[in-house]
Structure formats: C-alpha cells, structure tokens
Amino acid sequence: MSDEPTEDNQTYRIGAVSRLTGVPSDTLRVWERRYSIVTPIRTDSGTRLYRPEDVGRIALIKRLVDRGDAISSVANLSLDQLQGRACGSDLAASPRGPERRCRVIVVGATLAERVRQDPEIFHGIEVMGLYDSRGALPETAPREGPDVAVLEFPTVHADQIRDIGNLLVHSGASRAVILYNYANRATLDRLGSRRILPLRGPLDAAELRRACLTLGPQREPEPEPSGESDGDFSRPLPPRR
C-alpha cells in the first residue's frame with residue numbers, strides 16, 4: 001500500500017490530523033492504544049492514515065474533553081452521540097457574545113472560480129478576497145487582515161517555500177492552507193507547522209471549511225516548538241546568503 005493518500009480516497013497522516021484537531025500526536029497515539037477512539041489505516045511501512053470521518057470524530061472528542069468530559073466516558077460513543085453531546089455542551093456553556101468569524105482569502109484561479117460559483121463552500125466564514133493569481137493581491141495588506149490564506153499550488157517544490165512564506169506575509173494572514181496536487185515528502189515536512197497546513201486536493205467543501213476553521217481565530221494559541229522551524233512564516237524571511 002502506498003504511503004501517499006489517493007485522490008479518490010483522501011487520507012491524512014498523523015501530523016496533519018494533529019494540526020486539524022489540536023490533539024498532539026503523542027496524545028492521539030495514547031487515545032488509540034488505550035481507548036480505540038478510531039482505527040486508522042496502516043500502510044505496509046506502519047504509517048497511520050486517517051479518513052475524513054476519523055478526523056471529524058477526533059475533533060468532537062477533543063472538544064468534549066476540553067470542556068471537562070473524561071476521555072474514557074466519550075471514547076466509545078457513536079458519532080451521533082458525540083454530536084448530540086457536543087451540541088448540549090454548546091448550549092450549556094456560559095453565554096457570551098458571538099466570536100468573530102474566521103476571515104479568509106483565496107489565491108488560485110481554479111479555487112477562486114469554484115468559490116464564485118458556490119459561495120456556500122465557505123458558509124459561516126468571511127471571504128475577504130478571491131484572487132486568480134498571486135500578482136492580483138493588493139500591494140499592501142488590509143489593516144484587518146485575513147486569519148487564513150488558502151493558497152492553491154499545482155505542485156510544491158522546496159525552492160518555492162521562500163515564495164510561499166513571503167506570499168503569506170504579503171497577504172497579511174497569520175496562517176495558511178496550501179492545496180496542492182503534488183509535493184514530495186521532504187517539502188511537506190518543511191511546510192508542516194501549526195501555521196501552514198498542506199493538504200492534497202481535491203478537497204470537498206466540508207474538509208476545506210474545517211481546515212480554515214481549525215486555523216482560524218477561535219483556536220487557542222499554542223507555544224512555539226523549540227528549535228528552528230522551516231514552517232514559521234509569521235515574519236518575513238531573511239534574504240538568502
């Protein structure tokens with residue numbers, strides 16, 4: 001079995017699942033081993049591959065655990081039970097004013113046209129701009145910039161990483177979703193961070209929306225990992241020596 005997901009059957013590696021759901025990879029492994037919350041696909045080399053429904057289930061469990069449920073009490077609930085319990089938790093939560101909607105921009109001709117024809121792709125998300133190319137972006141980022149830039153790349157190579165970082169800074173976004181058709185594993189490992197989420201296309205509307213909301217403003221800040229990270233594009237990259 002190939003380690004890469006197929007276009008017909010989208011799957012995610014454990015690092016991508018961790019970024020989408022906010023569950024650290026080590027915690028996810030423990031939850032699987034002790035409570036069997038999901039059963040990922042295993043490749044011949046032992047790599048875990050998670051289906052979209054696995055990601056949704058993990059995200060629901062994470063929400064409930066964050067609100068005080070013991071993992072042992074929710075691990076074996078059905079998806080319908082998890083959703084019902086999560087809705088009940090939402091209603092029982094202390095009333096607060098509505099949180100600001102996630103703001104996104106889309107850069108890429110194919111995806112931008114798709115959103116123009118079907119704005120419901122980003123239902124509940126504020127789309128600040130649709131740009132067919134990187135050159136169509138405004139010269140200066142707006143004062144209230146987007147939370148997430150959704151960037152479309154047919155292929156991603158190592159020599160494009162600097163350009164992606166500069167594009168993220170230029171857009172004013174603090175995080176990005178990279179939709180790609182092809183990229184080698186070394187490049188994806190360099191891109192992968194809490195700020196950059198590379199996802200192989202095509203994605204359906206629910207997956208794309210979930211990725212943006214996961215990176216959006218409602219996510220609580222996390223400490224930066226120690227050591228150098230090639231994926232931190234919150235600041236302009238230094239010039240090449």
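1. What share of the contacts in the chain with a separation of 6 or more comes from residues 24 or more positions apart? The figure is 64%, where contact means heavy atoms within 4.5 Å. Before we go on, a quick word on what you're looking at: this is a predicted model, in which local features need pLDDT of at least 70, side-chain atom pairs count only at pLDDT 80 or more, and totals for chains, interfaces and linings use all residues. Residues are numbered from 1 along each chain as its sequence is written, and side-chain values use heavy atoms, with hydrogens and water left out.

2. Now the overall picture. The chain has nine helices and seven strands; helices (H or I, at least four residues) and strands (E, at least two) are DSSP runs, numbered from the N terminus. Out of 241 residues, 42% count as buried. Here buried means under 20% relative accessible area, exposed means over 50%, and partly exposed lies in between (1.4 Å probe, protein chains only).

3. Let's start with strand β3, at residues 103-107. Five of its five residues are buried, so this strand is mostly covered. Arg103, Ile105 and Val107 point one way, while Val104 and Val106 point the other way.

4. Who are the partners of β3? One of them is strand β4 (residues 126-131), which runs parallel to β3 and is joined to it by five bridges; two strands pair if DSSP finds at least two bridges between them. Right-handed means that, with the strands pointing away from the viewer, the path from the first strand over the helix to the second runs clockwise.

5. Strand β3 also pairs with strand β5 (residues 148-156), again in parallel, through four bridges. Within this pairing, Ile105 stands opposite Ala149, and Val104 has Val148 as its bridge partner. Moving on from β5, eight bridges tie this strand to the parallel strand β6 (residues 175-183). Val148 turns up here too, with Arg175 as its partner in β6. Together, β5, helix α7 (residues 161-171) and β6 form a right-handed β-α-β unit.

6. Next, have a look at helix α1 (residues 14-21). Seven of its eight residues are buried, so the helix is largely enclosed by the rest of the structure. The buried ones are Ile14, Ala16, Val17, Ser18, Arg19, Leu20 and Thr21. They pack against α2 (25-35), β2 (48-49), α3 (52-66), β7 (196-200) and α9. Just after α1 comes Gly22, with a positive phi of about 85°.

7. A search of the whole structure finds one cavity of 30 Å³ or more, and the volume of the largest cavity is about 30 Å³. On a 1 Å grid over the protein atoms alone, a cavity is a set of points where a 1.4 Å probe fits but cannot get out, and lining residues have an atom within 4 Å of a point. Grid points are joined across faces, edges and corners, and a volume is the space filled by probe spheres set on the points.

8. Which residues line the largest cavity? They are Tyr12, Leu20, Val55, Leu199, Leu203, Glu207, Arg210 and Ala211. Helix α9 (residues 205-215) gives the most to this lining, with three residues. By type, the lining has six nonpolar, no polar and two charged residues.

9. Asp54 sits in helix α3 and counts as buried, at 9% relative accessibility. Leaving aside neighbours within four places in sequence, Asp54 is in contact with Val38, Thr39 and Pro40. Ser73, in helix α4 (residues 71-74), is partly exposed at 33% relative accessibility. Asn184 belongs to the loop between β6 and α8 (185-191) and is partly exposed, with a relative accessible area of 32%. The C-alpha atoms of Asn184 and Val156 are 7.9 Å apart, although 28 residues separate the two along the chain.

Terms used. On a 1 Å grid over the protein atoms alone, a cavity is a set of points where a 1.4 Å probe fits but cannot get out, and a pocket is an open set with protein on both sides within 12 Å along at least five of seven lines; lining residues have an atom within 4 Å of a point. Ala, Val, Leu, Ile, Met, Phe, Trp, Tyr, Cys and Pro count as nonpolar, Asp, Glu, Lys and Arg as charged, and the others, Gly among them, as polar.
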